[in-house]
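Colleague: Please show me the structure. I would like to go through it step by step.

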Amino acid sequence: MDLRKLKTLIDLVSESGIAELEINEGDDRVRIVNRSEASAVAVHQPVVVAPQIPAAPAPAAIEESAPAAPEVPAGTPLNSPMVGTFYRAPSPGAEPFVKVGDSVKKGQVVCIIEAMKLLNEVEAEEDGIIKDICVENGQPVEFGQALFIIE
């Protein structure tokens with residue numbers, strides 16, 4: 001499916017207020033879901049969902065000696081708005097947008113996520129201080145995965 005057509009569909013879903021749109025075009029299948037976050041102000045964000053792959057079967061029993069989950073620093077996570085590749089700097093060899101301990105303002109660019117050959121700037125959602133960077137530069141990220149912890 002053409003990327004411009006996909007962008008147009010996402011914009012239409014976002015502006016129209018419909019909850020979900022699914023389109024089948026030959027072998028291509030696109031489902032766009034308009035989700036709203038529960039907060040003081042409801043924000044509608046269209047989400048593109050890739051074809052679903054069956055999950056691996058769950059293990060029969062979980063061993064009691066399983067390692068504890070890693071500790072997450074206190075603060076608010078800044079989550080990835082999409083699937084793609086995480087980059088800390090605007091170009092290779094350039095200074096990163098932010099480092100641990102840096103103060104950030106709402107709307108400040110903190111990283112780039114490359115998705116489908118497009119570079120998407122990710123902005124801080126609130127003022128604060130970068131307490132942790134949860135992803136290594138150049139690593140793939142999932143939708144909703146924590147990128148930074150901001151306090």
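**Questions on a predicted model**

Colleague: Why does Leu-3 count as partly exposed, and what is its relative accessible area?
Modeller: First, a reminder that this model is predicted. Leu-3 is found in helix α1, residues 3-16. Leu-3 counts as partly exposed because its value is 31%.

Colleague: Which residues form a nonpolar patch on the surface with Leu-3?
Modeller: The patch has about 270 Å² of accessible area together. One of its members, Met-116, is in the turn of the β7 and β8 hairpin.

Colleague: How much of the accessible surface belongs to carbon and sulfur atoms?
Modeller: Take the total for the protein. The accessible surface comes to about 10600 Å². The part that belongs to carbon and sulfur atoms is 54%.

Colleague: In what order do the strands of the sheet with β7 stand?
Modeller: Begin with the pairs. β7 (residues 109-115) and β8 (residues 118-123) are antiparallel and share six bridges. β7 also runs antiparallel to β5, with three bridges. This open sheet of four strands has the order β8-β7-β5-β10.

Colleague: Why is one side of β8 and of β10 left without a neighbour in that sheet?
Modeller: The order is β8-β7-β5-β10, and the pairing is antiparallel. β8 and β10 (140-141) each have a single partner strand, so one side of each has no neighbour in the sheet. Their place in the sheet is at the edges.

Colleague: Which residue in β7 is the bridge partner of Thr-85?
Modeller: Look at β5 and β7, which are joined by three bridges. Another residue, Ile-112, stands opposite Glu-121 in β8. For Thr-85, the bridge partner in β7 is Glu-114.

Colleague: What is the phi of Met-116?
Modeller: β7 and β8 form a hairpin. Two residues lie between the strands, and Met-116 is in the turn. Its phi is positive, at about 55 degrees.

Colleague: Which residue in β9 is the bridge partner of Ser-103?
Modeller: β6 and β9 run antiparallel. Two bridges join them. The partner of Ser-103 in β9 is Ile-129.

Colleague: Is Ser-80 buried or exposed?
Modeller: Ser-80 is found in the loop between β4 (76-79) and β5 (84-87). Beyond its neighbours within four places in sequence, its contacts include Ile-113, Val-141 and Phe-143. Buried means under 20% relative accessible area. Because Ser-80 has a relative accessibility of 2%, it counts as buried.

Colleague: How far apart in space are Ser-14 and Val-33, C-alpha to C-alpha?
Modeller: Ser-14 is found in helix α1. In sequence, Ser-14 and Val-33 are 19 residues apart. In space, C-alpha to C-alpha, they are apart by 9.2 Å.

Colleague: How many salt bridges does a search of the whole structure find?
Modeller: Glu-95 and Lys-99 meet in a salt bridge at 3.9 Å, N to O. Lys-131 and Glu-151 meet in a salt bridge at 3.6 Å, N to O. The pair links distant parts of the chain, with Lys-131 in β9 (residues 128-133) and Glu-151 in the segment after β11 (146-150). The search of the whole structure finds two.

Colleague: Why does Glu-95 count as exposed, and what is its relative accessible area?
Modeller: Its salt-bridge partner is Lys-99. Lys-99 counts as partly exposed, at 39% relative accessibility. Exposed means over 50%. Glu-95 counts as exposed because its relative accessible area is 57%.

Terms used: Residues are numbered from 1 along each chain as its sequence is written. This is a predicted model: local features need pLDDT of at least 70, side-chain atom pairs count only at pLDDT 80 or more; totals for chains, interfaces and linings use all residues. Side-chain values use heavy atoms; hydrogens and water are left out. Patches are made of residues with over 30% relative accessible area and no salt bridge: like charges are joined within 9 Å, nonpolar side chains (Val, Leu, Ile, Met, Phe, Trp, Tyr) within 5 Å. Accessible areas come from the Shrake-Rupley method with a 1.4 Å probe; for residues, only the protein chains shown count as cover. A salt bridge is a side-chain nitrogen of Lys or Arg within 4 Å of a carboxyl oxygen of Asp or Glu. Buried means under 20% relative accessible area, exposed over 50%, partly exposed in between (1.4 Å probe, protein chains only). Two strands pair if DSSP finds at least two bridges between them. Contact means heavy atoms within 4.5 Å.
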